[in-house]
Amino acid sequence: MASNNAILNNTEIRKVMLIGLGGAGQMILMNVKRFLIDTYNIVPPCIRFLSMDTDGRQTKLASKTGDKIPTFEESGEFLHLVVENPMTTLKEMKEIKEGKEKNYARDWFVGEGSAASLINGTGAIRQNGRLALFANVNEFTKRIRQIIDDLDDQRLNRRMSRLIEEKSNTNFVLSDNPIEVCVCGSIAGGTGSGTFLDTGFFLRHLLPRSIIQGYFLLHWPYRNKPFAPRTPGNVYAALTELDYFQSIRPQDAAERKDLGADAINYGGEQAKIEYPPFSIVNLVDGRNEVGQNVSSLDMLCEIIAQAVVLSAGPIGAGLRSVTDNLATLIGAPDFNIWDGKNACYSSLGVSSIYYPAPELQRAVASTNALALSQQALAEATEEFSKEKVKLLEQQIHTDVVTSIKNLETYLGVKQRISPSAIDISFRLQRFQTKDVELLTQAQKAEEEIVADQLKADFQTHGTALIQTQQNDLQKKLDALSADPKIGILHKSMWLKEAIEILEKQKQEASKVLADATNKLNDLRTSASDYLQQISQHRYIPIPYFGRDRTDLVEQWRSTVEESLQKLADQVALKSTIDIYTEILALLLRNRPGFVPQAGDITNALADTVRALRRNMEADFAAIDYLLAQTNLIVVGDGKVVIVPGSEDESRRDRKTRESIKLEYSDFKAENAIQKSQDYFNVYQEKPELLVVLFYQWCMKKLAYLADETVDSAVETLVNRGYESPGYLRDRLDDLLRLSSPLWRYDSGYLNEERRRRYDRVVNIGVCEAEQGRRKYDGIVTDLRARYHLTSDHSFSSTGDPYRIWLVSFAAPLTAYCLRSMQEAKPRYEAAISITSHIDKRWESGLPDLSPEDNQRSTTLRALGMAIVTGIDVIHDLYLRPQGGRGHKFTWDADEFKAINQGDPRVWHLFRDMYEEFCEDPQWVKILIGLLKAKVASLKTETLKECISAHIDKLTFKLGSRDITKLYSARLTYREIKALKQFLSVRGYNLNIDRYIAGT
């Protein structure tokens, strides 16, 4: 759709109410919303929506050019026509009519168990759809009135003037035309088909002078749905009703009253039915005039939405002529030309020439995003290969050992703690050797001296060593963190290596400490033993037998001196372990809580590659979808990309999607990617953000691709010699051909006069109307002559730089000309229950879509009187009193047997008898002669009594719906009507000749 860059100038827009009925109506309105958002970035407040459905599930369609998803959730735009208990609701539908309380729903609803709970659809039963509307009629009328009030609000102009501030890409100008209405949906199912007439009646009641257009899908698009068998009958019944009310004439007032169709109560408000509900009725079949099919229901809804916007939306004053021309084609009813029917129907076709700049931008962007992510994954895979990881581990180990070289061995630490060695020499005074207590005190005193000196040395040198080492390590860790090329995994590996080395050294020191402690304890035990021995000797200077006490004291002293050395070792080792503990604590404090492993990073990138591949497939599928549309001409077949010249814009050229490449180095530089872990940081925040990182960068770098328009694309292809000079004319020719209206009709119904009246009204939608008129008017004028189109074409502004639209309306035709109606009629006539009509009074009383053939009408009138009891030209024997079923019709007149080899003729169904008479004019001639003779032979009173009794009998049968087929009911109704006219003074007044002739 439209680029969001340029501001469109003064796009005129009218006040439009869009009403969607049923699922198809929802889909059409949602496509309209998407169309407006994609084109104008906003849904203007002068276009209002009301979608009504018995199914509460709402359709959602994503924008084709952005990330918006239009919905009906705001402003009360969706009305769920829910009926939880239909039978209870039916009982409650009461009104005061002619001074009495009356259940008005019972007049029209066939209460034969057809209405289950109406929460998720109607089961393709039209009366259920109407029941759901009336069950919610107060809310329905309230919503309609609210929309009208909002559109008539004087403040709307001010709101429109502020749209440019709300990110709209155009400064809309509000038209002063009256409110226009588009009612959209299908008349093949239950909801849309059951509510479209009442919607039209109520709208016409509120807006008597407004243009009210109907866009209605017929049954062919639903041929594969589960409820498909009901759809032909539904469509035929709906069009039978619509045909009657679109042909309203003053002389039909009494008949409309008999049918309960002169006025309808909508929530206590009587809407008189005096004018056709719709100004223009567009019927869409899915099969166009030239036999091409649009099989997708979604595609048909999109086409109708395009036509709605292009014919009733924000496309400039020039479009007004399209509506006027179409209304002129339909014009005033001319019943004489169309066998007494009103040719009030049109159909539409939409086609466009499209340069898919947004789709190409996305496709090229997703292709490049995928390639960039694959390069990132390959880079990460290489970065974390076994060889690279092993080399990194070696480098880290060397770096760690260098950084903690002062703690490599215990001895080194010890020397740093006590740089001046302690002179451990244990000397005793002579007086001390004489007393064990004194020896013990000397030992304790020396131990305290050694311990205090070592502790003092640690306070002086050890604490400084710890602080220095901690400072050095913190600087190293800060440097690792600050290096953009080193990730958390690298830092984690460094810390892990350092911790492992220090833990190992600490463990070794702990082992040495344990050995020193054990030896110290052993020496202290030995010294204690010596003291025990010494205490058992008195001091005698003369040697005696056994060990000398002096020797024992010397051995004790030597043992204590050795234990002091071990004590010094123990104290120094404990200080060493304290150093390890402090430094390890520092390292542990710097260790991150979560460290992604190499597999985490590569897996994140692999996930991103897969997601971007899906994106690319979706973007390419979008182009394939465009190419598959039968009504769309894609410039460049979705493969050619138009690119501007580097200096001169007129030097535009074409490239293929695959030839446009973005550089990975540029991507890394502009997104500050230094290491593979940077990707994981984005992924860890939210996985889809990593996909966005690649895709949005590519979209931004390729934004220039979306600046090319359909005009510049065509000009480039022609001017650079890629296409012939007649390329544009050929494409506009294709536009007219592909916009063939979506209906099929039997051309045999069109005589010369009807054919002259049948024409097509063409509107060309371009980005800006005046520019489009200058460029294309001459070509379109020539092509109109080729296609024998006499009505003037018009141009309108769409604001869409990528498309040249063509919407074509064909009119007028009667409904019976449509081939699909001839297909639907047998299905319609074959059933009576559940009724195909929304009003049981209409199923037999409304005139058929097909015009009545005079010969068949004459035959029906003759047969209808011939079987009357008392006339008995043909004997009607009712078999039920005899234990049988149905009737036995016997024609045994001598005049007939004379031409039937002497045999009478017997039928068991009136309709079979009727069809046989219609096929043989000689039978009818004999029948009429016999009937006239019999009527002439009867007294007037007798004749009246016989016919009146017959009318009463048929009326009761018809009222009780004791008939197997709708075809039979309709014949019965016509029989009754004709016989009543025979008796009426204002009718045939008992004149058999006038009765037979129908005059």
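This is a predicted model: local features need pLDDT of at least 70, side-chain atom pairs count only at pLDDT 80 or more; totals for chains, interfaces and linings use all residues.

Visitor: What makes the contact between Arg737 and Asp734 a salt bridge?

Guide: The criterion asks for a side-chain nitrogen of Lys or Arg within 4 Å of a carboxyl oxygen of Asp or Glu. The N to O distance for Arg737 and Asp734 is 2.9 Å, and their side chains therefore meet in a salt bridge.

Visitor: Is each partner called buried or partly exposed, and why?

Guide: Buried means under 20% relative accessible area. Asp734, at 14% relative accessibility, therefore counts as buried, whereas Arg737 has a relative accessible area of 37% and is therefore partly exposed. Elsewhere, salt bridges that share partners join Arg130, Asp198, Asp839 and Arg841 into one network.

Visitor: How many salt bridges does the rule give?

Guide: By this rule the count comes to 43 salt bridges. One of them pairs the side chains of Asp334 and Arg757, at 3.4 Å from N to O.

Visitor: Why is the pair of Asp334 and Arg757 said to tie together parts that are apart in sequence?

Guide: Asp334 lies in the loop between helix 11 (320–330) and strand 13 (345–354), while Arg757 belongs to helix 24 (residues 752–757), so the parts joined by this pair are 423 residues apart in sequence. Asp334 counts as partly exposed because its relative accessibility is 27%, and Arg757 counts as partly exposed because its value is 37%.

Visitor: How do you know that Arg720 forms a salt bridge with Asp653?

Guide: The closest N and O atoms of Arg720 and Asp653 are 3.6 Å apart, and the criterion requires them to be within 4 Å. This pair links distant parts of the chain, with Arg720 in the loop between helix 22 (710–719) and helix 23 (727–738) and Asp653 in strand 16 (residues 653–656), 67 residues apart. Arg720, at 32% relative accessibility, counts as partly exposed, and Asp653 is partly exposed with a relative accessible area of 23%.

Visitor: What span should helix 1 have, and how far apart are its end C-alpha atoms?

Guide: At 1.5 Å a residue, the 19 residues of helix 1 (residues 22–40) should span 27 Å, and the end C-alpha atoms are 27 Å apart, which agrees. Helix 1 is followed by Asn41, whose phi is positive, near 75°.

Definitions and conventions
Residues are numbered from 1 along each chain as its sequence is written. Side-chain values use heavy atoms; hydrogens and water are left out. Helices (H or I, at least four residues) and strands (E, at least two) are DSSP runs, numbered from the N terminus. The expected span of a helix is 1.5 Å times one less than its number of residues. Buried means under 20% relative accessible area, exposed over 50%, partly exposed in between (1.4 Å probe, protein chains only).
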